[in-house]
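Welcome! Take a moment to look over the sequence and the 3D view, and then let's walk through them together.

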Amino acid sequence: MEYKNIKFEKNNGVGILTIDRPKALNALNFETVSELNACIECIEKDQDVKVLVITGGGNKSFVAGADIKEMSTKNPVEGRIFGKAGQDVFTRIENLPQPVIAAVNGFALGGGCELACACDFRYASDNAKFGQPEVGLGITPGFGGTQRLPRVVGRGYGKELIFRANVINAEEAYRIGLVNKVVPQDQLMEEVFKVANQIAGNAKVAVQLSKAAINRGINCDVVTGISYEDEVFALCFSTEDQKEGMAAFIEKRDKHFTGR
Ligand SMILES: C/C=C/C(=O)SCCNC(=O)CCNC(=O)[C@H](O)C(C)(C)COP(=O)(O)OP(=O)(O)OC[C@H]1O[C@@H](n2cnc3c(N)ncnc32)[C@H](O)[C@@H]1OP(=O)(O)O
């Protein structure tokens, strides 16, 4: 499929999705959100993609937020339609069966920080900047930021970032747990691919079921979460990779997973 504002490629089981409007610092206009949705819908069904990496085009920005110029003339009905479109695609990313890593290579502001929070975890380049500037523009975060950011960094830091609309650097983002690792900008993709390949080398069904169990458990009580873990744990014993992984350990040999 041809896209105007995003790029998608695959390399050895790792999908790389780039938000690619560098002249607008990869800001998300309606067209970009729609393309993102179409691309994520394809990835959901693509068995070849074991891990997805999301990054931004150019070397200055991951995503500098929703497109302010486009939003500036919207009425409440249009605002709701735009907000819902962004929320739906970010929820779709969060619920993708495959793990998703955000490679944050610059500004992750507003919708950009929300996109990063919809990913399973985040690595950042040392020039990355994070923030939720929405209240300084007269709006609330609208692509899930009021919900996901406090769940990632905790209520106190989440509320402070949203209320102050301040921008923090990569080291501060690391300190509050918003990113897992900070690396020099020219090493970001290499480092992220290393991690993505490591995940892609593990038993695919077990990785995907682990993600589903974590996501489900985080949104419910621990007893319900644990009972879901029961189900996915048992399900793993129906896979070829469970037989192979354990046989390889016992026979002291390399494992050869098939993803089944
Ligand atoms: C539901 C979600 C809501 C939201 O996400 S609200 C939006 C939240 N985001 C922001 O408030 C960030 C807005 N952008 C900025 O504050 C600045 O940019 C930066 C600090 C990120 C970078 O500043 P600098 O290095 O001086 O670059 P530059 O000249 O401002 O930007 C280059 C071009 O990119 C466009 N641009 C940047 N961010 C956005 C955006 N969020 N929406 C639309 N356009 C954007 C600019 O306008 C300009 O373009 P031109 O050269 O044509 O003037």
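How many Å separate the centres of domain 1 and domain 2, taken over C-alpha atoms? The separation is 27 Å. Keep in mind as you read that this is a predicted model. The protein chain is divided into domain 1, covering residues 6-200, and domain 2, covering residues 203-251.

**Where the two domains meet**

- On the domain 1 side, 13 residues are in contact with 6 residues of domain 2.
- Together, domain 1 and domain 2 bury about 690 Å² between them, and 45% of that area is on carbon and sulfur atoms.
- Look for Q47, P97 and R151: these residues supply 41% of the area that domain 1 buries against domain 2, more than any other three residues.
- If you wonder where such an area comes from, the size of an interface is often given as the accessible area lost when the parts come together.

**Polar and charged links**

- The interface of domain 1 and domain 2 has 1 salt bridge across it.
- K211 forms a salt bridge with D120, and their closest N and O atoms are 2.9 Å apart.
- Between domain 1 and domain 2 there are 6 residue pairs in polar contact.
- Sorted by class, the side of domain 1 that touches domain 2 has 6 nonpolar, 3 polar and 4 charged residues.

**Around the ligand**

- There are 22 residues around the ligand, and K60, A64, A66, I68 and G111 come nearest.
- For A64, a polar backbone atom is 3.0 Å from a nitrogen atom of the ligand.
- For G111, a backbone N or O atom lies 2.8 Å from an oxygen atom of the ligand.
- K23 also has a polar backbone atom to find, 3.4 Å from an oxygen atom of the ligand.
- Taken alone, the ligand exposes 970 Å², and the protein buries 64% of that.

Notes: Residues are numbered from 1 along each chain as its sequence is written. This is a predicted model: local features need pLDDT of at least 70, side-chain atom pairs count only at pLDDT 80 or more; totals for chains, interfaces and linings use all residues. Side-chain values use heavy atoms; hydrogens and water are left out. Domain bounds come from an automatic or database domain assignment. Contact means heavy atoms within 4.5 Å. Buried area is the accessible area (1.4 Å probe) that two parts lose on being put together, summed over both. A salt bridge is a side-chain nitrogen of Lys or Arg within 4 Å of a carboxyl oxygen of Asp or Glu. A polar contact is a pair of N or O atoms within 3.5 Å; within protein, one must be able to donate a hydrogen and the other to accept it, and residues adjacent in sequence count only if both atoms are side-chain atoms. Ala, Val, Leu, Ile, Met, Phe, Trp, Tyr, Cys and Pro count as nonpolar, Asp, Glu, Lys and Arg as charged, and the others, Gly among them, as polar. A residue is near a molecule or strand if one of its heavy atoms lies within 4 Å of it. Accessible areas come from the Shrake-Rupley method with a 1.4 Å probe; for residues, only the protein chains shown count as cover.
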